[in-house]
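Have a look at the model, then read on.

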Amino acid sequence: MRFASHRDIARALERALRRAAVPVAFSAGFSPHPKVSYTGASPTGVASEAEYLELTLAKTCPPARVRADIDGAMPEGIDIVEVVEARDSGLADRLQASEWQVEMVGVDPDDAAKAVAAYLAADNVEVERMTKKGRRRFDTRPAVVRIDVCADSRGRAPEERHTTYAILRMVVRHTTPAVRPDDVLTGLRHVADLAPPSSPLMTRLAQGPLDETTGAIADPLTHDRLGAHTAPGPADDNADERRDSAPRPSTPMTGPRE
């Protein structure tokens, strides 16, 4: 699924909404379109366990039923983990930062740690990337809150038993222009010549409100859950299992910090 683009995901969702007969509201005008707002979509080639969107319905529906209906109509590999009724707008404002995991096969953890230290010690780390407005040069350093080399990086890779590998965990602020995990990797190459021999596997683990003191990311839906209606809805036997698999707030990391 990490090779599916944002447009692929959006198309699959709109088809699922029609298939599940969810009463989604439509915009007015000559070309009405469903009122679905995506926030902080992950780039193509990146896996994610924490994507969010806002959906406007034409009538009130139990969130548990909406989740079950959409999830049942989605293709394999895209799971609707949770649906909550929004207390107010502003979900995009709560998604202040993302936590990323980057697995780099063939990179020694000690070399990764040295590169991270050099990156964090730098006042600025500029990279270039092609954008919709052409090639753009920007500083990645202010967006990076934390980078840590995971302690379990040492040893054997999960699928290549005799290959060295390093795992980075990083918290990156949502800025303009957006700083992506591959931009940070480019920055590591610039400051310390860290170049993985193969494409890293990048996964978004969480996104939400950022605690500037600890670098932890909170659950962006907590605000809505506190105001959720208590009226009983349809039975949901898998609610506990979904709650266990839902994106968790990140914990403060112990490695090098800004």
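**Labels and the values behind them**

In helix α5, the buried residues are Pro181, Asp183, Val184, Leu185, Thr186, Gly187 and Leu188. The model is a predicted one, where local features need pLDDT of at least 70, side-chain atom pairs count only at pLDDT 80 or more, and totals for chains, interfaces and linings use all residues. Residues are numbered from 1 along each chain as its sequence is written, and side-chain values use heavy atoms, leaving out hydrogens and water.

Q: Why does Thr140 count as buried?
A: Buried means under 20% relative accessible area, exposed over 50%, and partly exposed in between (1.4 Å probe, protein chains only). Thr140 has 0% relative accessibility, so it counts as buried. Its place is in the loop between β6 (134-139) and β7 (144-149); helices (H or I, at least four residues) and strands (E, at least two) are DSSP runs, numbered from the N terminus.

Q: Which residues does Thr140 touch, not counting those up to four places away in sequence?
A: Thr140 touches Tyr119, Val125, Val127, Val179 and Asp183, where contact means heavy atoms within 4.5 Å.

Q: Why is Ala4 called partly exposed?
A: Ala4 has a relative accessible area of 21%, and therefore is partly exposed. Ala4 is found in the segment before α1 (6-19). Leaving aside neighbours within four places in sequence, Ala4 is in contact with Ile9 and Thr44.

Q: What makes strand β8 largely enclosed by the rest of the structure?
A: In β8 (residues 165-173), 8 of the 9 residues are buried, so the strand is largely enclosed.

Q: How do you know that β8 pairs with β4 and with β7?
A: Two strands pair if DSSP finds at least two bridges between them. β4 (residues 97-105) is joined to β8 by 9 bridges, running antiparallel, and β7 is joined to β8 by 5 bridges, also antiparallel. Glu103 has Ile167 in β8 as its bridge partner, while Val149 stands opposite Leu168 in β8.

Q: Why is α4 called roughly perpendicular to α5?
A: The axes of α4 (residues 109-121) and α5 cross at roughly 95 degrees and come within 9 Å. That makes α4 roughly perpendicular to α5: angles under 35 degrees count as roughly parallel, over 145 as roughly antiparallel, 65 to 115 as roughly perpendicular and the rest as oblique. Axes are lines fitted to C-alpha atoms, for helices over the stretch in contact, with angles from 0 to 180 degrees between N-to-C directions.
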